[in-house]
Amino acid sequence: MAEEEGPTIELRQRKKPKSSENKESAKEEKINNTAIPERVPKHILFQRFAKIFIGCLAAVTSGMMYALYLSAYHERKFWFSNRQELEREITFQGDSAIYYSYYKDMLKAPSFERGVYELTHNNKTVSLKTINAVQQMSLYPELIASVLYQATGSNEIIEPVYFYIGIVFGLQGIYVTALFVTSWLMSGTWLAGMLTVAWFIINRVDTTRIEYSIPLRENWALPYFACQVAALTGYLKSNLNSYGELKNINEDIKSDYKGQQWFCYLLMSASTYTFMMMWEYSHYLLFLQAISLFLLDSFSLEQSDKVHEVYKIYIFSLFLGYLLQFENSALLVSPLLSFVIALMLAKCLQLNVKKGTFVAKIMKVINFYLVCTLTVTLNIVMKMFVPHKENGHMLKFLEVKFGLNMTKNFTMNWLLCQESLQAPSQEFFLRLTQSSLLPFYILVLITCFFSVIQVIFRRINLKYLWTPYVCMLAAFGVCSPELWMTLFKWLRLRTVHPVLLALILSMAVPTIIGLSLWKEFFPRLMTELMELQEFYDPDTVELMTWIKRQAPVAAVFAGSPQLMGVIKLCTGWMVTSLPLYNDDDLLKRNENIYQIYSKRPAEDIYKILTSYKANYLIVEDAICNEVGTMRGCRVKDLLDIANGHAVCEEGDKITYSKHGRFCREVKINYSPYVNYFTRVYWNRSYFVYKINTVISFQS
């Protein structure tokens, strides 16, 4: 037995070194078989550099040309350089006049600190009211513009008004450039960016209000939002993990992609915060963006880690904005903060669930209910413990806008009648169709929609597609070979190779569209620049001149909010109301002052005006005798409905009122109107009345 065991043991001992040799040889073989990353050929690097250089040059050039076009068009429309300062300021209407007036105040202040203090403790604009104008009106653009104007020494080179509108036009150029880059990122070709810019400029009547109201908050904020969308697109589209998993990829390429991702992340952080500072309603738009990201994450259409990094940017921007916006409680009770916190809490509950299992699928379904419930609960709790001004008028407006409620309230109906809040008209769709934008947008939208549905059911990856802009999405779809391939797969095209046909169409179709747009719309744009228009408003100029020469410095003027904004800008006199719609008290003031165009007695109007310490009343003939606007949307019609002097239903049956319309009756100069009001100035458009000091009221 011992002899038999000897060889056996010897045999086993011989196997061990053999096993060790096999492992070493296997390692050597594995190392030998591993491909060494090769450097990218120089001609490929040159092609890549040339493509990026040409695309960037085209993007920057498009933005600069658009900014120059806006400047030239503005000059032709208003003859701005040939106007006096007062006539230039009159071109700023409504709330635009208010914003620019504070820019002027900052330039007149002895120091920046003093100017900011006067704006944050402003008691020279609205009678009987001290407001923090910086917080309430989001005047950060005006603060920045005033600092830049004085710090750069521009006061020795250019007039303040040109510097101000130049910044806004420059931002619009950045807006167009960001749209260009986003289309480029999504489609992979800068040809899509060119088509986006062309469609945007051609349809600018429906895409921007820059031509009519330059200082609007949206004109300052939306360029930053476009930059945020471009950065977000680049951040979500670059998939660094997949590149890291490929063993043959060059380290230089991986380093470039990581650098691009960090750049996109930093740009997204900065633009998100800036956008939130520039516009008081920005967090509502970001809330919709967060919902879109949540849906993509829920259906595994994007990397969850990247999406949650974007959520962190939201939280950081909200809290930083809260601190720097004078502890703006509206940001703490915003739905965006509650929604993002709910998403973070829901993610913590899903960390221990293994992906791909049945439990994980159940958690996906529960996740929707959990996030919605937590969002509503957190928002209610935040509103209970955080002191804030409830935007009740905004909630009521949304209820009426979506048909959930009806109201006779003047303010709500007046807001609903504004052109920017009207449903798209037939002319709107006709304009988009004539420029070929609408047909391609519908085609791309349908293709993207069914592609996403297909991906959701098949549970596979797909590129992230998100943009609120029709021009950008349509241009992306037309220039994207991937989207053409998707369409051909649905059509089961087999006569021609789908890949080759997709590449050809992705270049031929946008080229044909571009040439047709050039032929049809370029002459129109040139005609607009060559055509001399004239802004002629002598009545308003005469009114402002009379106020500056004849009215006491301490006088308080009452009238329509739009006119009060112009008076504040052109004269600096105090007014009773402003064309702002984010404050309940100002909205109530506007409604009360508008009663001068209602069928109410002189005594009621007098009591209203004196309650705001008004000294002068201005009646506008254009409002009193308004005939041109949509039926039911005239100011006097809305007042009659709110006061019970007219009924909306049953054929607009008019109810009885023993008093005539005040704005007409006061012009006749008979009792009791002459006891309360004395006409001191008038022209074709305006009638100015001094409010008398009356001891007792007559019946």
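Modeller: Let's start with the rule: a salt bridge is a side-chain nitrogen of Lys or Arg within 4 Å of a carboxyl oxygen of Asp or Glu. Lys129, Asp585 and Arg589 are linked in a network of such bridges. Bear in mind that this is a predicted model, where local features need pLDDT of at least 70, side-chain atom pairs count only at pLDDT 80 or more, and totals for chains, interfaces and linings use all residues. Residues are numbered from 1 along each chain as its sequence is written, and side-chain values use heavy atoms, with hydrogens and water left out.

Colleague: How many salt bridges does that rule give?

Modeller: The count comes to 15.

Colleague: What makes Glu89 and Lys104 a salt bridge?

Modeller: Their closest N and O atoms are 2.7 Å apart, and the rule asks for within 4 Å, so the pair qualifies. Glu89 sits in helix α3 (residues 85-90) and Lys104 in helix α4 (residues 95-108), so the bridge ties together parts that are 15 residues apart in sequence. Helices here are DSSP runs (H or I, at least four residues), numbered from the N terminus. Both Glu89 and Lys104 are buried.

Colleague: Why is Glu142 called buried?

Modeller: Buried means under 20% relative accessible area, exposed means over 50%, and partly exposed is in between (1.4 Å probe, protein chains only). Glu142 has 1% relative accessibility, so Glu142 counts as buried.

Colleague: Which residue does Glu142 form a salt bridge with?

Modeller: With Arg217, the closest N and O atoms being 2.7 Å apart. This pair links distant parts of the chain, with Glu142 in helix α7 (residues 140-151) and Arg217 in helix α11 (residues 217-237), 75 residues apart. Arg217 is at 4% relative accessibility and therefore counts as buried.

Colleague: What makes Lys607 and Glu603 a salt bridge?

Modeller: Their side chains meet at 3.4 Å, N to O, and the limit is 4 Å, so the pair passes. Both lie in helix α29 (residues 602-611), 4 residues apart, about one turn of the helix.

Colleague: Why is Lys607 called partly exposed?

Modeller: Because Lys607 has 42% relative accessibility, it falls in that class. Glu603, at 24%, counts as partly exposed too.

Colleague: Which residues form a nonpolar patch on the surface?

Modeller: Val376, Ile380, Val381, Met384 and Phe385, with about 540 Å² of accessible area together. Areas come from the Shrake-Rupley method with a 1.4 Å probe, and for residues only the protein chains shown count as cover. Patch residues have over 30% relative accessible area and no salt bridge; like charges are joined within 9 Å, nonpolar side chains (Val, Leu, Ile, Met, Phe, Trp, Tyr) within 5 Å. Ile380 lies in helix α18 (residues 358-385), and at 47% relative accessibility Ile380 counts as partly exposed.

Key. Helices (H or I, at least four residues) and strands (E, at least two) are DSSP runs, numbered from the N terminus.
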